[in-house]
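Morning, everyone. I have one structure to show today. Please take a look before I start.

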Amino acid sequence: MNFNRGDTSVWYSDWTGLGPLCNLLPFVHIVDSQKQVSDIWNEGAWDFSQLYTLIPEAMQSHIRDIPVPLYVSDETDSWGGWPSSDHKYRTKSAYLWLQEQQSPSLRAGPWRLIWSIKAPEKVKCNAQSESTLHVLRDYTAAQEVWCRLRVFVHPDFFLDDIMTWLRRNFRGPNAALFLAAVWWIWRARNSTVFASTSWSADFVIQKILHMSMEFNLPNLPEDDGSHAHNSLWWSAPPVGSYKLNVDESFHHQSRLMFTGGLIGDSLGQWVCGYSSKEGIGSVFEAELLAVRRGLSLAWEKRLISIMCESDSIEVIHMLQSTSSPASVAPSILSALMEIRELTSRAWSVVFVHVLREANSAADFLAKAGHSLDVDYCLWVSPPAECLPLLEEDLL
């Protein structure tokens, strides 16, 4: 980092190499929230005395090793000194610079494979030392996470050297889960060392599953925030996660609402399903109630990682937004608040828009609600009439 006028945020920029400090601290005091790097250097030395936010000694020591600029210029702070034409920092240019620091034998082979991984840059790392392998795989907390993920525990998993370990695991159907696990195990270790805060294995695994689902979402144009599924069939969620497909059926004359949904695992196996009658309302409210019903069922089943799919793009946009909608019916607002309460619990929920053609089984279960003698039916196994649709969704 080239410090010029020191206008880099203390908390929300990665100017120390540790990542944004706000992610490593229990909280940032509101008085300090706008602090810039220039606010914590004084006469050529780092000065933390004016901060209300408590910074652990290990983190202070790390920062003190960063040179303070000898003079302040009018230019904004920037990354510089990298082998790019404009001397601006980019992940790839930093990667090339790091390559030059290594022996020629490390500049080819597996490193080219690592760079080719289709994953966010933050999980592409040049990890070669024994201590790094210990952090990522061999220390007790890391081993607990890997063992609970189960899919990686093959005979050589804890025996391979780091290069073999990476090459075995960052390709194939579980690559997203592996990369997410590497990232969050690393984050957890940083939290322990620099913030003296230990994260539980449950918390780390929840974060891993959530990130792995995001990795598996299709790439879409930047102006489309719906995360729409591009295929015409159902696809399985990552290992350790579950997919909830929901839909509504609306009787326009009576304005009666019906909902249906099903949960499948990473092997495409049926977990459970439901059909329900929901009273009088609107199509939009019925879509929300279908989501609420499905999430409540998933929570009752203690499924901690859910990818919830609906073919209503308007509902998905509402659920992905953090703001409260204006001018909506009280019943819709109530359903939305109930869903947000559900998603705030200790689990991972991702909302995804799916094409109607890939949601035919949920559509069938919603329509099945019309013939129910009760208000709610739990399907432990799929109705016989639904089996062809399940097969069709999987094609």
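Predicted model: local features only at pLDDT ≥ 70, side-chain atom pairs only at ≥ 80, totals over all residues.

The overall picture, then. The protein chain has 395 residues, and 46% of them are buried. DSSP gives 13 helices and eight strands in the chain. The accessible surface comes to about 20,500 Å². Carbon and sulfur atoms account for 53% of that surface.

Now the helix pair. Find α6, residues 162-169, and α7, residues 175-195. Their axes come within 9 Å. They cross at roughly 135 degrees. That makes α6 oblique to α7, because angles over 145 would be needed to count as roughly antiparallel.

Which residues meet there? From α6, you have Trp165, Leu166 and Asn169. From α7, the partners are Ala175, Phe178 and Val182.

Last stop, the surface. Look for Ile30, Val31 and Tyr52. Together these residues form a nonpolar patch, with about 360 Å² of accessible area.

Let's stay with Tyr52. Where does Tyr52 sit? The loop between β2, residues 45-46, and α1, residues 57-64, holds Tyr52. Is Tyr52 buried or exposed? The relative accessible area of Tyr52 is 53%. The cut-off for exposed is over 50%, so Tyr52 counts as exposed.

That's my tour. Over to you.

Technical notes
Residues numbered from 1 in each chain as written. Heavy atoms only, no water. Patch = residues over 30% accessible without salt bridge, like charges linked within 9 Å, V, L, I, M, F, W, Y side chains within 5 Å. Areas by Shrake-Rupley, 256 points an atom, 1.4 Å probe, with all protein chains shown as cover. Salt bridge = Lys/Arg side-chain N within 4 Å of Asp/Glu carboxyl O. Helix = DSSP H or I, 4+ residues; strand = E, 2+ residues; numbered from the N terminus. Buried < 20%, exposed > 50% of the residue type's maximum accessible area, 1.4 Å probe, protein only. Axes fitted to C-alpha atoms, helices over the stretch in contact; angles between N-to-C directions. Parallel < 35°, antiparallel > 145°, perpendicular 65-115°, else oblique. Contact = heavy atoms within 4.5 Å.
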